Amino acid sequence: MEDSESEFNLKVVLVSFKQCLTEDEEVLLDQYISSWKGLVRFLNSLGTIFSFISKDVVSKLQIMEQLLSSPQREHYTSLQSMVAYEVGNKLVDLERRSRYPDSGCRTVLRLHRALRWLQLFLERLRTSPEDARTAVLCTDSYNASLAAYHPWIVRRAVTVAFCTLPTRKAFLEVMNVGSPEQAVEMLGEALPFIEHVYDVSQKLYAEHSLLDLP
């Protein structure tokens, strides 16, 4: 366990996404990776229930870190520069995985989709009543995001696992920002930072027809 584990605070993680964007709305990849690591800590603090997501995220973050430290790292300073470089040099598998299974564009797309799921889930936690069932909130968020990219057997296993999720109150308390009421208030202030990064990334990928990379 890290020394800073007790100091974990979800608000700090969510607000860190604000640092991902420059004034020109370029998504800085090193900060994006750093912010995602904070989200992984949050997921892991909830137990093994989200390990199917966090493990995949960690593997994708490792791929991106390798690209950011590669001889071509100058092309991976931002999401925009990465897309321009990989698309311009045909380093992306557009129709089926073959020569470039771990391209930056494909890797970030997987993180992008997972970010959407987490954003939707946290927003549902924020706006739901006290007695809301987290299994329903999480399943609805999953069905509106990641489920479309998973085979049936995975979707089935995931939704069954969601039935063991802790209560809404427990989720809000593990965010480590005070009372459940304070956590709800924090989410209202901080979630827009994630949403902004997601929207900028979504628009960029749509413009280059990259939203359905295999």
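Predicted model: local features only at pLDDT ≥ 70, side-chain atom pairs only at ≥ 80, totals over all residues.

**Entry 1.** I then looked up the salt bridges and found 4 in the structure.

**Entry 2.** I took the pair Lys-11 and Glu-189. Their side chains meet in a salt bridge at 3.6 Å, N to O. Lys-11 sits in helix H1 and Glu-189 in helix H9 (residues 180-207), so this contact ties together parts 178 residues apart in sequence. Lys-11 is partly exposed at 34%, and Glu-189 is partly exposed at 42%.

**Entry 3.** Next I turned to Lys-60 and Asp-56. Their salt bridge spans 2.8 Å, N to O. Both belong to helix H3 (residues 51-68), 4 residues apart, or about one helical turn. Is Lys-60 buried or exposed? I found Lys-60 buried, because its relative accessible area is 10% and the cut-off for buried is under 20%. Asp-56 is partly exposed at 35%.

**Entry 4.** I moved on to helix H5 (residues 104-127), which holds both Glu-123 and Arg-126, 3 residues apart, about one turn. Their closest N and O atoms are 2.7 Å apart, and they form a salt bridge. Glu-123 has a relative accessible area of 29% and Arg-126 has 28%. Glu-123 is partly exposed, and so is Arg-126.

**Entry 5.** Last, I looked for a surface patch of negative charge. I found Glu-23, Asp-24, Glu-25 and Glu-26 gathered in one. I placed Glu-23 in the loop between helix H1 (10-16) and helix H2 (29-45). Glu-23 counts as exposed, at 85% relative accessibility.

Terms used: Residues numbered from 1 in each chain as written. Heavy atoms only, no water. Patch = residues over 30% accessible without salt bridge, like charges linked within 9 Å, V, L, I, M, F, W, Y side chains within 5 Å. Areas by Shrake-Rupley, 256 points an atom, 1.4 Å probe, with all protein chains shown as cover. Lys, Arg positive; Asp, Glu negative; His and termini not counted. Charge placed at Lys NZ, Arg CZ, Asp CG, Glu CD. Helix = DSSP H or I, 4+ residues; strand = E, 2+ residues; numbered from the N terminus. Buried < 20%, exposed > 50% of the residue type's maximum accessible area, 1.4 Å probe, protein only.
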